[in-house]
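Please keep the sequence open as you go.

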Amino acid sequence: MWQIFHKLGSPKWFFGIASTLMPWLLVAGAALLMTGIVWGLVFAPQDYLQGNSYRIIFIHVPSAFLAQSVYIMMAVAALVTLVWRMKLADVFVTAVAPVGAVLTFLALFTGAVWGKPTWGTWWIWDARLTSMLILLFLYFGVMALGAAISDEKSSARAVAVLVLVGVVNIPIIKYSVEWWNTLHQPATFKLTEKPSMPAEMWVPLLLSVLGLYLIFGWLACLRMQTHILAREGRTRWVKELVQAREN
Amino acid sequence: MTMASETKLPVRTSEESVSALSAMKAVFSRDLKTAFRQPQDLLNPLLFFVMVVTLFPLGVSPEVSFLREAGSGILWVAALLSVLLSLDHLYRHDFDDGTLEQLVLQPQPLFLLVLAKSLAHWVLTGLPLVMLAPVLGVMVHLEGNSVAILCLTLLIGTPVLSLIGSIGAALTLGLRSAGVLLSLLIIPLYIPVLIFGTGTVMAASESAPVGGQLALMGAFLVLALTLAPFASAAALRISLSNS
């Protein structure tokens, strides 16, 4: 058991595994995502209320979904960093934080684009929008702290503490924002109820969510590999690897 | 050296051990003492608080209706910002002169000492803000009841700000441009306190019951009291090993 754990933490071992996994992740992810999006954008039926404008859901929902679960994944990795000092875990946190930030931004942006025709405004201080915006701030904080500390080890551990503090706060922020919203303005706008969606709509949605997860896996592997190469630049296996690629 | 002996840092000798509580007391009273030697540093966050509040009537509108509506929010935001500005002092001096390393080396649990430091920080910044708030509350035309509730929310809320802020201060210790970074890290975490702080005053001004919201703020305080010192202590250890 500890053997596997130890192996998991070895950057060299991970590098090899990631190299074999990545093509599969990319191909499967791209296939699912393309199917989901093309199906959703071209073949899925129109919404009776929103017409074609609802189709942005096939991009909006997957990115919002991922944006939140990336933070959870980061929190798990942060815990592993602090408890077991596993090198790979903190590589994961630093490598993935910008991806999470981009996904959150994408969710907010597509939400705004969707909001314009549906709600008639780019932005409202709706509970969901606001808590996503705060999630974006949390991502920015993680990235800023990671960049500010030059020593890799303490940078990783400081970031891990911040991520964990953030994850304790996320439910609090979410519920307080929801309550704040209901306090101040009645819920004038609501997203169309999800369960009432017909299968021709939710199947492509599910496909694109799964596809984006796989693409995220691929991207995480790629970014982690880059970070590992930069970090382990002085070790022998990296030098050998680089030489082998050059020849 | 002289300062350390004067202000009775908990010093460990091989025979006698200092109880955690008396170590906390020592840290607490030492922080108060050293702070009162530079009274200007204590005054600055308060002046900042007053000046930020002054900006709103000048910048937005001096009308009574607007100020009454927005007053609690203005005061809360200003209080939040001035606590944020004062956080840099929480560990900075002790970090520079090496006191902090001695604290980390104490046999008493570090999180308790951190808790004592955070409480001292609150007494030095949060509490004066609470005492100043009624004056400013009247200046932004809040009604009597609202002013009282505002002070109560600040009384419960500002310790939370100090406690959460101590995590950020510990994380950014010894970094270049720590001030801006600290704000970036901490502001998102302050949002729930702000929401409930102003929400309670709003509810009070509409003469709605506020007990539930005050209880929730109390829950925030308990949560911050129990969890934040652990996170700050961990962050302090990381920052000190870094330098």
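1. Is H9(B) mostly covered or mostly uncovered, and how many of its residues are buried? H9(B) is mostly covered, with 20 of its 28 residues buried; a residue is called buried if 20 or more other C-beta atoms lie within 10 Å of its own, exposed if 12 or fewer, and partly exposed in between, the C-beta atoms being placed from the backbone. Helices (H or I, at least four residues) and strands (E, at least two) are DSSP runs, numbered from the N terminus.

2. Before going further, please bear in mind that this is a predicted model, in which local features need pLDDT of at least 70 and side-chain atom pairs count only at pLDDT 80 or more, while totals for chains, interfaces and linings use all residues. Residues are numbered from 1 along each chain as its sequence is written, and chains are lettered from A and ligands numbered from 1 in the order in which they are written.

3. The secondary structure of chain B comes to 10 helices and 0 strands, and its radius of gyration of 19 Å is close to the 18 Å that the globule rule gives for 243 residues, so chain B is as compact as a globular protein of that length. That radius is taken over C-alpha atoms, and the globule rule is 2.2 Å times the number of residues to the power 0.38. The C-alpha trace of chain B spans about 65 × 35 × 30 Å along its principal axes, and 45% of the 243 residues are buried.

4. According to UniProt (an unreviewed entry), "transmembrane region" features of chain B include residues 42-61 and 214-236; such annotations may be inferred rather than shown by experiment, feature names are shortened, and the positions are given in the numbering used here. In the model, residues 42-61 of chain B are 90% helix and 0% strand, with end C-alpha atoms 30 Å apart, whereas residues 214-236 of chain B are 100% helix and 0% strand, with end C-alpha atoms 31 Å apart.

5. To return to H9(B), its 28 residues should span 40 Å at 1.5 Å a residue, and the end C-alpha atoms are 39 Å apart, which agrees; the expected span is 1.5 Å times one less than the number of residues.

6. B:Leu184 is found in helix H9 (residues 178-205) of chain B and counts as buried because it has 20 C-beta neighbours inside 10 Å. Leaving aside neighbours within four places in sequence, B:Leu184 is in contact (C-beta atoms, placed from the backbone, within 7 Å) with A:Phe140, A:Gly141 and A:Ala144.

7. At the interface, 24 residues of chain A are in contact with 20 residues of chain B, and H6(A) gives the largest share of the chain A side, 14 residues.

8. B:Ser207, in the loop between H9 and helix H10 (211-242) of chain B, has a positive phi of about 45° although it is not a glycine, and B:Ser207 is exposed, with 10 other C-beta atoms within 10 Å. A:Arg85, in the loop between helix H3 (57-84) and helix H4 (87-119) of chain A, has a positive phi near 55° and is partly exposed, with 13 other C-beta atoms within 10 Å.

How values were computed: Contact = placed C-beta atoms within 7 Å.
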